[in-house]
Amino acid sequence: MSTTIAVTKQVTTLINILTVEPENQQKLIELLRDNTENVVRGLDGWISTSFIAAGDRRHVAIYSQWRDAASVEAMRTNPDMVAYFPRIAALAAFDSFVGDVVYNHHAG
């Protein structure tokens with residue numbers, strides 16, 4: 001399954017918003033990418049992850065798709081992820097929420 005934004009209950013979306021000092025944005029992105037490629041991609045229920053870097057270099061958004069909310073909760077308690085969270089916290093403030101896409105409209 002590829003990354004898609006669609007109104008469906010077949011995918012649960014996790015949005016993370018990270019606030020970072022501008023000089024640390026690239027370091028944060030590299031840390032997130034390393035974790036995605038070496039830990040997250042092997043977790044049950046994971047579908048895709050995308051990063052959006054703000055032009056002001058103060059924010060990074062993570063758009064992550066999972067099979068269901070239970071998969072997100074399992075990820076959050078996975079020992080490899082728990083060990084990784086302090087590394088993020090050292091670089092950025094962090095907020096997140098889990099939800100479903102409830103509206104989508106596109107050109108075409």
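## Strands β1 and β3

Strands β1 and β3 run antiparallel and are joined by eight bridges. Leu-18 has Val-60 of β3 as its bridge partner. This is a predicted model: local features need pLDDT of at least 70, side-chain atom pairs count only at pLDDT 80 or more, and totals for chains, interfaces and linings use all residues. Residues are numbered from 1 along each chain as its sequence is written, and side-chain values use heavy atoms, with hydrogens and water left out.

Helices (H or I, at least four residues) and strands (E, at least two) are DSSP runs, numbered from the N terminus. Two strands pair if DSSP finds at least two bridges between them.

## The sheet and its helices

Four strands form an open sheet in the order β2-β3-β1-β4, with antiparallel pairing. β2 (46–53) and β4 (92–99) each have a single partner strand, so one side of each lacks a neighbour in the sheet. On average, neighbouring strands are turned by 15° against each other, direction ignored.

α1 packs on this sheet and touches β1, β2, β3 and β4. Its direction makes about 175° with that of β2. α2 lies across β1, β3 and β4, at about 40° to β1. Contact means heavy atoms within 4.5 Å. Axes are lines fitted to C-alpha atoms, for helices over the stretch in contact; angles run from 0 to 180 degrees between N-to-C directions.

Not counting residues up to four places away in sequence, Trp-66 touches several residues, including Val-11, Leu-14, Ile-47 and Met-75.

Thr-12 sits in strand β1. It is buried, at 8% relative accessible area; buried means under 20%, exposed over 50%, partly exposed in between (1.4 Å probe, protein chains only). Its side chain reaches the backbone nitrogen of Ala-69 at 3.4 Å. Thr-12 and Asp-100 are 88 residues apart in sequence, yet 5.5 Å apart in space, C-alpha to C-alpha.

Gln-25 is in helix α1. Gln-25 counts as buried because its relative accessibility is 7%. Its side chain reaches the backbone oxygen of His-59 at 3.0 Å.

Technical notes
Polar contact = N/O pair within 3.5 Å; in protein donor to acceptor, adjacent residues only side chain to side chain.
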